[in-house]
Structures are given as C-alpha cells and as structure tokens.
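The sequence and structure come before the text.

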Amino acid sequence: MLEGKELDLPVAFDWESWSHFQKYKMSIVDINNLFYEFAGIMDENGYSTILYASKYYLEIIWEPAGYDVWLAHYVKETSYEGDYTMWQTGSIGRIDGCDEDVDTDILFKSRYPHLFGGG
C-alpha cells in the first residue's frame, strides 16, 4: 500500500491486541521482536518507523531500541522518562470541519524540522 509513496512522518506500529498477546502465549521478547520485524520491513522499503504506546506499556513491555516513540499519556505534564518524538495528550480535541472528537498530539520540532520550514 505504501509503495512509491513519500511520507513526512514514520509509519506507526500500534499494538492494541493485548488479549491476543496472552492468548498466543507471546512473551515480552516475542512482542518486541514483532515490532523489530515490522520496523525492518519498513526500513527495507525506505520508510521509518515509530512505536506508538501508552506510558504504562512503554515502561513494562516495549524496548524501542533507538526507534522513535509516540507516547500516549493523557496528562498535562508527563512523567514518562524515556525519549519520545510525539506525545498524544488526549482524545477529546475538536477541530473545525470534524463533528467528532479527535486525538490531540504534540510533534516535537527538533526531530522533524523539515515539517516546520527548516532542515
């Protein structure tokens, strides 16, 4: 689906199926290896990867090993101590032209200066 597409941001890996994690008897190593496999396929095809996860799972499951992190933590000030490139601060934002709630995120300029007219 992405072949030939130029993207401004990395492709997100978002594991939401935690019930399947135990159902298939996956270990923490297995789930991290699945992420690395996904990231490797993206790299081979010229795309970067970002790991999307909540603060809780970033602290107990994920080992992003140098990959960008998109932190989901719905607070005004996060206590997450790891590195992150984007921060999802909530899910009840509003924008003109959209009748439903939208996620609110912060993208840090230092990581993607080209999106802000630099680099």
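**Strand pairing**

Strand β2 is joined to strand β3 (residues 68–72) by 5 bridges, and the two run parallel. Strands count as paired if DSSP finds at least two bridges between them. Helices (H or I, at least four residues) and strands (E, at least two) are DSSP runs, numbered from the N terminus. Alanine 53 is opposite leucine 71 in β3. Between β2 and β3 the chain passes through helix α3 (residues 55–60), making a right-handed β-α-β crossover. Right-handed means that, with the strands pointing away from the viewer, the path from the first strand over the helix to the second runs clockwise.

β2 also pairs with strand β1 (residues 11–14), in the parallel sense, over 4 bridges. Here valine 11 has threonine 49 of β2 as its bridge partner.

**Basis of the model**

The model is predicted: local features need pLDDT of at least 70 and side-chain atom pairs pLDDT 80 or more, while totals for chains, interfaces and linings use all residues. Residues are numbered from 1 along each chain as its sequence is written, and side-chain values use heavy atoms, without hydrogens and water.

**Burial of β2 and serine 54**

Of the 6 residues in β2 (residues 49–54), 5 are buried. Buried means under 20% relative accessible area, exposed over 50%, and partly exposed in between (1.4 Å probe, protein chains only). Serine 54 lies in β2 and is partly exposed, because its relative accessible area is 24%. Leaving out residues up to four places away in sequence, serine 54 touches Leu71 and Ala72; contact means heavy atoms within 4.5 Å.

**Helix α2**

Ile31, Asn32, Phe35, Ala39 and Met42 are the buried residues named in α2. They lie on the same side of α2, because they cover an arc of only 100° around the axis, taken from the directions from the helix axis to the C-beta atoms. Val29, Glu37 and Glu44, on the other side, are exposed. The buried residues of α2 pack against β1, α1 and β2.

**Nonpolar core**

The largest nonpolar core has 15 residues, and those touching the most other members are Phe13, Trp15, Trp18, Ile31, Leu51, Leu58 and Trp62. Two or more core residues come from each of α1 (18–23), α2 (28–44), β2 and β3. Such a core is a set of buried Ala, Val, Leu, Ile, Met, Phe, Trp, Tyr and Cys residues joined through side-chain atoms within 4.5 Å.
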